[in-house]
Amino acid sequence: MPIMNLLVAFNGSEASIAALRYAASMARARDAHVTAMMAHSTHDVFDTRSRWIPSEARKLLSEAKAGILHEIEARYEALRDELDLGDALSFKSHPGKVDATLSEAARYYDMIIVGRQLDEDDEHVALHPDRIALLSGRPVIVVPDGYDIEARHSHAALAWDGGRSAARALSDSLRLLEVQGKVSVLTVGRKSGFPIEDLMTHLARHDVEALHDNFPDSHPVAETILAFCERNDPSLLVMGAYEHSKFREDFLGGVTAKVLQDIRIPVLLSH
């Protein structure tokens with residue numbers, strides 16, 4: 001399936017600006033369309049309807065919230081000329097629970113591109129890329145703040161464990177891998193099931209030159225993936241999200257969360 005219709009979660013953060021620039025670069029190369037969506041929560045930090053809160057205070061809180069949204073839209077408008085997409089770029093504002101809103105919206109696009117979650121994000125527009133990957137049913141590309149789309153990088157990397165999520169991530173990323181032309185397949189430890197050669201053959205039949213790097217399981221998987229990306233600077237890391245439950249990953253500190261926290265390149269997640 002060609003990549004022609006991209007959704008970007010835009011909340012004005014440095015990471016979301018990087019995500020919008022990344023999406024624009026993809027769109028220019030493919031004559032695709034980009035929609036930037038500002039999803040914003042209608043929930044207040046505390047109940048402003050309480051009779052104990054003076055009406056003037058409620059008004060000030062409402063104005064402050066509206067000011068945040070106007071500032072985010074102004075940041076988007078300031079980027080329009082730089083992105084050079086003309087009519088192939090549009091903006092939408094949608095109220096609702098942020099992760100749920102973006103996840104539902106993403107089902108009407110080829111993929112959703114988001115910035116990495118930052119601690120300083122205002123809670124009315126804060127998003128969680130991992131939850132969107134779980135809920136949306138669409139591939140999610142997570143772009144770290146400060147990522148330079150003009151920098152030269154080596155070929156892509158695919159984290160492979162033979163599981164369902166990894167297979168979905170591979171399928172969702174094939175168009176990007178075909179364009180890249182090369183991919184390093186990363187495995188950790190011995191894996192049962194079908195031989196890795198079957199995967200290499202599959203990639204070769206899509207005109208992707210695949211290299212296999214297997215690492216011992218003496219080190220944690222996340223650290224192994226991060227170290228490879230640090231040494232080789234791939235253009236994209238492709239991986240399945242939460243092969244185990246998200247609760248288990250959150251409780252134990254899983255691979256997905258660790259990679260998203262520390263990675264310096266875009267990550268394509270699928271579940």
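**Reading a salt bridge and a pocket**

Glutamate 82 is partly exposed, with a relative accessible area of 45%. The model is a predicted one.

User: How many salt bridges does a search of the whole structure find?

Analyst: A salt bridge pairs a side-chain nitrogen of Lys or Arg with a carboxyl oxygen of Asp or Glu, within 4 Å. Here the search finds seven. Glutamate 82 takes part in one of them, with arginine 21; their closest N and O atoms are 2.6 Å apart. Arginine 21 sits in helix α1 and glutamate 82 in helix α2, so the pair ties together parts 61 residues apart in sequence. Arginine 21 is partly exposed too, at 31%.

User: What separates glutamate 71 and arginine 75 in helix α2?

Analyst: About one helical turn, because they are four residues apart in the helix. Their salt bridge has its closest N and O atoms 2.7 Å apart.

User: Which parts of the chain does the pair of glutamate 230 and arginine 264 link?

Analyst: These side chains meet in a salt bridge at 3.4 Å, N to O. Glutamate 230 is in helix α7, and arginine 264 is in the loop between α9 and β10, 34 residues away. Arginine 264 counts as exposed, at 59% relative accessibility.

User: Now pockets. What lines the second largest pocket?

Analyst: Rolling a probe the size of a water molecule over the atoms shows where empty space is left. The second largest pocket has a volume of about 420 Å³. Its lining has 16 residues; Tyr22, Met26, Arg30, Gln180 and Ser235 lie nearest the centre. Helix α1 gives the most, five residues. By class, the lining has eleven nonpolar, four polar and one charged residues.

Conventions:
Residues are numbered from 1 along each chain as its sequence is written. This is a predicted model: local features need pLDDT of at least 70, side-chain atom pairs count only at pLDDT 80 or more; totals for chains, interfaces and linings use all residues. Side-chain values use heavy atoms; hydrogens and water are left out. On a 1 Å grid over the protein atoms alone, a cavity is a set of points where a 1.4 Å probe fits but cannot get out, and a pocket is an open set with protein on both sides within 12 Å along at least five of seven lines; lining residues have an atom within 4 Å of a point. Grid points are joined across faces, edges and corners, and a volume is the space filled by probe spheres set on the points. Helices (H or I, at least four residues) and strands (E, at least two) are DSSP runs, numbered from the N terminus. Ala, Val, Leu, Ile, Met, Phe, Trp, Tyr, Cys and Pro count as nonpolar, Asp, Glu, Lys and Arg as charged, and the others, Gly among them, as polar. Buried means under 20% relative accessible area, exposed over 50%, partly exposed in between (1.4 Å probe, protein chains only).
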